[in-house]
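This report walks through one structure, contact by contact. Look at the model first, then read on.

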Amino acid sequence: FLLKTAILDRFCGPLCEAVTGLRDPTCNGQAYLERLEQINLFVISLDNEGQWYRFHHLFRDLLLHKLKSEYTVEEVNELHRLASRWLADFGDLETAISHALQADDPELAAGIIENRRKELMLRENWPLLSRLLNSLPQSIVAQRPVLLVVKAWERRAVADFTAVDSILDRVEAALSIQSGLVDE
């Protein structure tokens, strides 16, 4: 439990359950965290409700070092993927994207943005949308017409109309390439 959750900057019971696969009805993730806090095992509560926690940074460093020595890179990447999916469902998109990229899975990160694009655009949180898009490898964005359209909207929102035309040309090219692949 401790090693697997060490990949998380902050965590709550359900997130810990998602990452660790904890399925014990007598001791769920929240109960586990409360117990760790009770015995003062370097777990720090981040809120008054006792829902969100983090490890003391030195303890976390130790756990991460041990995790890397006991788990393969792919196993650690899978932990990041699990965290990414849970965080995306929870609505913490920046952290979800970060974990997807730490898992060396830019496709997962791109999919999260595509799936949540309407919500992000309706909120008109253009700085967040810009950060999310810019965190992706540009080669991934260039291959995905939906992300290119989102990028065009983001550039339009900040009155960068020259970029909008260029991006829409890339959308057209990407759609042509995809159409050619489908036709073959």
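## Helix 2 against helix 5

Pro 14, Leu 15, Ala 18 and Val 19 in helix 2 meet Leu 79, Leu 82, Ala 83, Trp 86 and Leu 87 in helix 5. Contact means heavy atoms within 4.5 Å. By class, this contact has 9 nonpolar residues, no polar and no charged. Ala, Val, Leu, Ile, Met, Phe, Trp, Tyr, Cys and Pro count as nonpolar; Asp, Glu, Lys and Arg count as charged; the others, Gly among them, count as polar.

Helix 2 covers residues 13–20 and helix 5 covers residues 73–90. Their axes come within 8 Å and cross at roughly 140°. Axes are lines fitted to C-alpha atoms, for helices over the stretch in contact, and angles run from 0 to 180 degrees between N-to-C directions. Helix 2 and helix 5 are therefore oblique to each other. Angles under 35 degrees count as roughly parallel, over 145 as roughly antiparallel, 65 to 115 as roughly perpendicular, and the rest as oblique. The crossing of helix 2 and helix 5 is right-handed. A crossing is left-handed if the near helix is turned anticlockwise from the far one by less than a right angle, and right-handed if clockwise.

## Model and confidence

This is a predicted model: local features need pLDDT of at least 70, side-chain atom pairs count only at pLDDT 80 or more, and totals for chains, interfaces and linings use all residues. Residues are numbered from 1 along each chain as its sequence is written, and side-chain values use heavy atoms, with hydrogens and water left out.

The mean pLDDT of the protein is 91, and 97% of its residues reach 70 or more. pLDDT is the predictor's confidence in each residue, from 0 to 100. Among the elements, helix 5 has the highest mean pLDDT (98). Helix 11 (residues 161–183) has the lowest, 76. Where pLDDT is low, the predicted coordinates should not be read in detail.

## Overall layout

The protein has 11 helices and 2 strands. Helices (H or I, at least four residues) and strands (E, at least two) are DSSP runs, numbered from the N terminus. From the N terminus on, the elements run α-α-α-β-β-α-α-α-α-α-α-α-α.

Along its principal axes, the C-alpha trace spans about 60 × 40 × 30 Å. Of the 184 residues, 42% count as buried. Buried means under 20% relative accessible area, exposed over 50%, and partly exposed in between (1.4 Å probe, protein chains only). Take the contacts with a separation of 6 or more: residues 24 or more positions apart account for 51% of them.

## Helix 6 and its partners

Helix 5 and helix 6 pack at an angle of about 160°, with their axes 8 Å apart. The two are therefore roughly antiparallel. Helix 5 passes helix 6 in a left-handed crossing. The contact of helix 5 with helix 6 has 6 nonpolar, 6 polar and no charged residues. On the helix 5 side, the residues include His 80 and Ser 84; on the helix 6 side, they include Thr 95 and His 99.

Helix 6 also packs with helix 8 (residues 126–135), at an angle of about 5° and with axes 11 Å apart. Helix 6 and helix 8 are therefore roughly parallel. Leu 93, Glu 94, Ile 97 and Leu 101 in helix 6 meet Leu 128, Arg 131, Leu 132 and Ser 135 in helix 8. These residues divide into 5 nonpolar, 1 polar and 2 charged.

## Two buried residues

Ser 84 is found in helix 5. At 0% relative accessibility, Ser 84 counts as buried. Not counting residues up to four places away in sequence, Ser 84 touches Ala 96, His 99, Ala 100, Leu 108 and Ile 112.

Leu 147 is found in helix 10 (residues 145–157). Leu 147 is buried too, with a relative accessible area of 0%. Leaving aside neighbours within four places in sequence, its contacts are Ala 110, Ile 113, Glu 114, Leu 133, Leu 136 and Val 141.

## Two loop residues with positive phi

Asn 40 lies in the loop between helix 3 (29–38) and strand 1 (43–45). Its phi is positive, about 60°, although Asn 40 is not a glycine. Asn 40 is exposed, with a relative accessible area of 61%.

Asp 104 is found in the loop between helix 6 (93–102) and helix 7 (106–123). Asp 104 has a positive phi of about 55° and is not a glycine. With a relative accessible area of 62%, Asp 104 is exposed.
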